[in-house]
Amino acid sequence: MSNIGGIIRALNSGVKHLAIKRFTLRYPEQKLKFVGDGFQFNPEIGVGIAGLRGRHILYHEHCTGCQLCSVACEGIAEAISMVKVNETWKHNKKAIMPQIDYGKCVFCGLCVDACPFYALYMTNDYELSSFTKSALIYTPAQLAIKPKISQDVEIKIDDRGATHG
């Protein structure tokens, strides 16, 4: 008798979802729009600001070359290496800044958490594919450029679930 009850519950659940629009995007024509600017960390209150963990952005004017981002990444992915830059900054005496290898990065966000100077954030850019491994290595100059993101589909959440429009 319990098998019949299970079958009835399964059929009931299936019938309820017949009228709901499917949640499938036609990528790359449709791209999901994310709320906020990406994952950030506020060291003053010690809390991460929720957001997508996509490509990093580096603010050269805040980076001191302390290497804390590289140290945080060391035991996990070893994706961040500190490289010499041609620019000279008053606050960065060693003239070194992070370079990120997205072939190794696991997008954990620990490098953002470790940066006490607000120099490193993660953006909503998730399109990082490449034909070569060397193109996945972003230099400090490439990380300083804000990504152009074209996301046009928003999620709508109601009592019947999530849909997009």
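In the predicted model, the chain has a radius of gyration of 22 Å, whereas a compact globule of 165 residues would have one near 15 Å. The extent of the chain can also be described by a box along the principal axes, and the C-alpha atoms fill one of roughly 75 × 35 × 30 Å. When contacts between residues at least 6 apart in sequence are considered, 72% of them join residues at least 24 apart.

The secondary structure consists of four helices and nine strands. Read from the N terminus on, these elements follow the order α-β-β-β-α-β-β-α-β-β-α-β-β, so that, with elements numbered from the N terminus, helix H1 covers residues 2-16 and strand S1 covers residues 40-42.

The loop between H1 and S1 holds two residues that were examined individually, Pro 28 and Phe 34. Pro 28 is joined to Tyr 27 by a cis peptide bond, for which omega is about 10°. Phe 34 counts as partly exposed, with a relative accessibility of 28%, because this value lies between the limit of 20%, under which a residue is buried, and the limit of 50%, over which a residue is exposed. Once its neighbours within four places in sequence are left aside, Phe 34 is in contact with Leu 52, Asn 124, Tyr 126 and Gln 151. Phe 34 and Phe 23, for their part, are separated by 11 residues in sequence and by 15 Å in space, taken from C-alpha to C-alpha.

Positive values of phi were found at two residues other than glycine, namely Ala 95 and Phe 107. For Ala 95, phi is near 55°, and this residue is placed in the loop that runs between strand S4 (80-84) and strand S5 (96-101). With a relative accessible area of 13%, Ala 95 is buried, since the value falls under 20%. For Phe 107, phi is likewise near 55°, but the residue is placed in the loop between S5 and helix H3 (110-114). Phe 107 counts as partly exposed, at 26% relative accessibility.

The largest pocket contains about 210 Å³ of space. Its lining includes Gly 36, Asp 37 and Gln 40, together with Ile 57 and Tyr 59. When the lining residues are sorted by class, six are nonpolar, four are polar and two are charged.

Asp 125 is located in the loop between strand S6 (120-122) and strand S7 (137-138). This residue is buried, because its relative accessible area is 12% and the limit for a buried residue is 20%. Apart from its neighbours within four places in sequence, Asp 125 is in contact with Gly 54, Arg 55, Pro 147 and Ile 149.

Technical notes. Residues are numbered from 1 along each chain as its sequence is written. This is a predicted model: local features need pLDDT of at least 70, side-chain atom pairs count only at pLDDT 80 or more; totals for chains, interfaces and linings use all residues. Side-chain values use heavy atoms; hydrogens and water are left out. On a 1 Å grid over the protein atoms alone, a cavity is a set of points where a 1.4 Å probe fits but cannot get out, and a pocket is an open set with protein on both sides within 12 Å along at least five of seven lines; lining residues have an atom within 4 Å of a point. Grid points are joined across faces, edges and corners, and a volume is the space filled by probe spheres set on the points. Ala, Val, Leu, Ile, Met, Phe, Trp, Tyr, Cys and Pro count as nonpolar, Asp, Glu, Lys and Arg as charged, and the others, Gly among them, as polar. The radius of gyration is taken over C-alpha atoms; the globule rule is 2.2 Å times the number of residues to the power 0.38. Contact means heavy atoms within 4.5 Å. Buried means under 20% relative accessible area, exposed over 50%, partly exposed in between (1.4 Å probe, protein chains only).
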